[in-house]
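Me: I am new to this structure and would like to go through it in short questions and answers. Please show it first.

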Amino acid sequence: MTVFEDLLRRMLWLPPPNSTFAIPVDRLHFFVIIVTMIASVITGLLAFVFLFKYRQRSRTQSTPVVVPSVKFEIVVIGVPLFFFLLWFVQGYKDYVWYANPPENAMDVYVMAKKWMWKFSYGADGPNAISTLHVPANRPVRLLMTSRDVIHSFFVPDFRIKQDVVPGRYTETWFEATKPGRYQIFCSQYCGTWHSQMWGEVVVMDGPEFDKWLVEQRQGLLGSRVDSGGDDGPAFHGSIVEYGKQVAMAQGCVKCHSLDGEPHIGPTWLDLYGKTETLEDGSTVVADEAYLTDSMIDPRAKIVKGFKPVMPTYKGRLAAPDAAALVEFIKALRTPGLEAVPSKEAIYEPVKPAQPSQRR
Amino acid sequence: MSQSNQLSQASDDKPVYPAVNYLNADRGVWSWLTTVDHKRIAIMYLVSVLIAFLLGGIFALALRVELLTPGPTIMGANTYNRMFTLHGVVMIFLFMIPAIPGVFGNFCLPLMLGAKDVAFPKLNLLSLYLYWTGATIALGGMIMGGTDTGWTFYAPYSTTTPMTVFPLLLGVFILGFSSILTGLNFIVTIHTLRAPGMGWMRLQLFVWAIYATSIIQVLATPVIGLTVMLVGIEKVGHFGFFDPARGGDPVLMQHMFWFYSHPAVYIMVLPGFGVISDVIAAFARKNVFGYKAVAYSSLGIAFVGFFAWGHHMFVSGQSPVDDGAFAAISMLVGVFTAIKVFNWVATLYRGAVVVGAPLVYICGFLFFTVFGGMTGIAVATVSLDVHWHDTYFVIAHFHFIMVGAVIMAFLAGLHYWFPKMFGRMYHEGWAMVSACLIVLGFMATFIPQFLMGNAGLPRRYYIYPEKYQSLNVASTAGASLLAFGFIIIAIYLIYALARGEIAGANPWRSEGVEWMTTSPPDKHNFHETPVITRDPHSYQQPGEEVEHVVI
Amino acid sequence: MSSSDGHAHNPHLAHHFDTIEKQDYAVRLGMWLFLGTEVLLFGGLFLGYTVYRHFYHEAFHEASRHLDLWAGVTNTIVLITSSLTVALAYYEIKRDNAKRAAALLIFTILCALVFLVIKSIEYTHKFQEGALPGAHYHYAEVTAPGANLYYTVYFLATGLHAIHVIVGMSLLIWVLARLLKGHFSSSYYVPLELGGLYWHLVDLVWIFLFPLLYLI
């Protein structure tokens, strides 16, 4: 089976399937393309054969009126509909699986700008330009935003792609299956050097990656390239530090305390990962999505006991700032308290933010 | 009765070229520029869209040459970006959208209805002038520095690029007006100017296709007009409508854009389907199999096409529920198209097929439509689209439908109606040669692009990794074959205009109503208003015992 | 040529139509289709309004308080009245009362003028206050994020509507001129009818714009 699949892959010029998502995508791909080829060749050939078989014999030759039987009509409508729906159902099933990142995924923030990719590994983690280091066989979630125009994050080897939109967050995820280096393309046209907006995913063995991460945190912390970019608000140091600056500048802390005391809004201490009860009695886990949503549309999900007084920050809060805020909130944790719901978090809980060295 | 009597007379006599016809009834450039005759307007459209096609084709060839090597080849990155924008805008707005409705719709629709003209002849001329104005402004923008946004004009790139975008947007806006007025005119014409005896079920299938197309033109085009104006205002006046920095939503722009531009692909392809239905009946000398199904499926595509736009946005961040709904609806378009394809093939079955160049195009068309259509279903399959979106796979799919289906249909129609328009025949041998060249050249151009997409090469790439070079070279080689085929067509058709054999009223012995008058027709189309007494595409002799076959 | 097939020849009948009834039907159908395209044109702006109202609910609510409600109400009354008078003009011409029809049309055109004058006064105010679209926004009283987009939508929608008022008014002036020349009577009044139809559309769009922008 895999030999056959590899042969097809070679014939169709598909890159090897290097993520967990690539395998179901390729299988459906083969099914769809083979049926398509058979159907189009049969149609073309049939028309061609009819050209010769039913050539006009004399100028006065008359032709019969051919009418479809009910059976014929059912076949004509039913067969394509059957195949199309089958593909739709299978494709949608795979897609829904892909659209929902696993809870234990490691988060990496991605910022796109003309014409480069920047990656940062949450609080205290390293930042990098163009090269994304990830562990093999562990899910990695990318939280992405753009500083200028729409870009699109595309890794052919993983069969994943997601637009990166300014002013909002999009996410995608993958689980690489084999260590190696894989090309990142920008696939949404973004200007002069769109075709050079490349990057690389470096997939490492799990232990090797852990070692790399520790090294990055220790040795390269001071000299790393920050993810702020050259045309954005300059900051040197960790993203958490920057998030704190944003919280001060935007006045978040006027309503949200950092010490556990409820004020006008819920406190930020230990907020991340907490299960909050909403006004209507339902509950929500304060994850990245909830936190960012609450900045953009604060009144959609009001925590019980609080008044809907927070204004929206959509348009006021640049996307990278929102990211930094989330990271800042995530870092606010009572020492010793494990508030993260999933025990499987594959990266270490964030250590208290250390003042980073300035360059 | 009158239908076949007139026909048999016309086909038995020695071919005559009517001394006075619409081409020479009035003379001088001014008589052309001020004409309200739908046939003359059609000829002016023909010349205009062919110039646009030539321009767009030159841009395409330049792009293909640039892509021969992975690095810079003959132009800079910005020139390349302007070039693909122009290729897209010129081909879509100046060629594909007006081509078949503007040329064959204008020429044949009133003839097929047995009418003297379209309902609003002056409005028809205004459409043409708007087309010229829009084209001039859009191409004028090229001289003023050019636009590098791609034909999709996605914000916020289009609103922040340093290049000139406004003239192109204004041009597209005006072209939209032209398209709306043409569609409006055709709908009213079909409703009000049918000859006596011509009920809705006696319309030729080309008329049905134009009717469905016109509905889309009227209902979808205002939205693109508004969208491009909003983008233009944003670019010039910074109103913030699509600008995330001011709270606007760039994804809203994509929704509004595709609300038009998805139906717009049916504006381009449905008239082509109509041409195929008519030509296949004339060359198989047989009733179109499943007339009603073909007619209604055009309307079905037009209707369903309005609700499928979101399948262009699977990776834009829209919710998975939307993705699922748009994907499911897209499948229905596939079913309607499949019905048409089955019916065309079944029309050839037990026909009395006359082999000619138009039929070669039809064979190519059938293969390309099935392959292009089903790869369309493939890219509407959400999980697969994640990989294919914005790669050459989508480009190849789109060109299979737009070139493989529509241009084959356009060429089939051009050869089929050439004698109707000009009263002369083209050279059959050269026509066959170039038809084969074009079908083969087309496959050589675009099949490698499917593979490039599979391999992951994104579209609109000026520089690409070396591993894609072999496929790019193959594609460029195919494109030159394609260009060669078009040059041959241009030569023999221009020759035929002057020296071609006299065709006579009905060289194909077609049963279409448009052939019931002289070729080229009289200024007022018919000497006597035709009376329709039988179903369209009926190839039985009057009084003949009709054999009914059920399959 | 076989253009006249024996029926009474009407000077308004084009050669490619058989009867004047058919021609009138065609012209009306064309107008209705055109009005359909106009609805879709404005539909795009209404969509934008809906989306941004959803995003910036508070700002939109707050900003709408700062429009001049009385100017809006007056304009609504003016436009509804003008719709009535144009309909009455149609009623009168069908009864061959050309003079009354002309008077009613003149009144309609005046209403259009009044509308434009009031609108331009409103615009001037907004310009002075700095309640301008997008990047030009510097209105001190509403600072909620998204307020600039409210004024973007406000100016785009009312601006596009005002263009339609001007076009509609010009149409009606042309119709009036022909009416005064005596072109219309109970046997031929289609241009007046179409002008009226267009004017109703202009009115109808405002009926939607007014509550959306001023009231809620």
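Me: In β11(A), what is the bridge partner of Leu132(A)?
Reply: This is a predicted model, in which local features need pLDDT of at least 70 and side-chain atom pairs count only at pLDDT 80 or more, while totals for chains, interfaces and linings use all residues. Residues are numbered from 1 along each chain as its sequence is written, and chains are lettered from A and ligands numbered from 1 in the order in which they are written. Strand β5 (residues 131-135) of chain A pairs with β11(A) in the parallel sense over five bridges, where two strands pair if DSSP finds at least two bridges between them, and strands (E, at least two residues) and helices (H or I, at least four) are DSSP runs numbered from the N terminus. Within β11(A), the bridge partner of Leu132(A) is Val201(A).

Me: Which residue of β11(A) is the bridge partner of Ile184(A)?
Reply: Strand β10 (residues 180-186) of chain A is joined to β11(A) by five bridges, and the two run antiparallel. In β11(A), the partner of Ile184(A) is Gly199(A).

Me: Which residues make up the uncovered face of strand β11 of chain A?
Reply: In a regular strand the side chains alternate between the two faces of the sheet. Strand β11 (residues 199-204) of chain A has Gly199(A), Val201(A) and Val203(A) on its covered face. Its uncovered face holds Glu200(A), Val202(A) and Met204(A).

Me: Which element gives the largest share of the side of chain B that touches chain A?
Reply: The contact takes 84 residues from chain B and 75 residues from chain A, two residues being in contact if their C-beta atoms, placed from the backbone, lie within 7 Å. Elements that give two or more residues to the side of chain B include α4 (77-113), α9 (250-284) and α11 (320-348) of chain B. The largest share, 15 residues, comes from α11(B).

Me: Which residue stands opposite Val66(A) in β1(B)?
Reply: Strand β1 (residues 65-67) of chain A and β1(B) pair in the parallel sense over three bridges. Opposite Val66(A) stands Val549(B).

Me: How many of the eleven residues of helix α5 of chain A are buried?
Reply: A residue is buried if 20 or more other C-beta atoms lie within 10 Å of its own, exposed if 12 or fewer, and partly exposed in between, with C-beta atoms placed from the backbone. Among the buried residues of α5(A) are Ile239(A), Tyr242(A) and Val246(A). Helix α5 (residues 239-249) of chain A is mostly covered, and the number of its buried residues is eight.

Me: Why is Gly145(B) partly exposed?
Reply: Gly145(B) is found in the loop between α5 (121-143) and α6 of chain B. Not counting residues up to four places away in sequence, Gly145(B) touches Met163(B) and Thr164(B). Gly145(B) is partly exposed because the number of other C-beta atoms within 10 Å is 14.

Me: Among the elements of chain A, which has the highest mean pLDDT?
Reply: The pLDDT is the predictor's confidence in each residue, from 0 to 100, and its mean for chain A is 80, with 86% of the residues reaching 70 or more. Where pLDDT is low, the predicted coordinates should not be read in detail, and over residues 221-236 of chain A the pLDDT is below 50. Among the elements of chain A, α5(A) has the lowest mean (75), and the highest (95) belongs to strand β7 (residues 151-155) of chain A.
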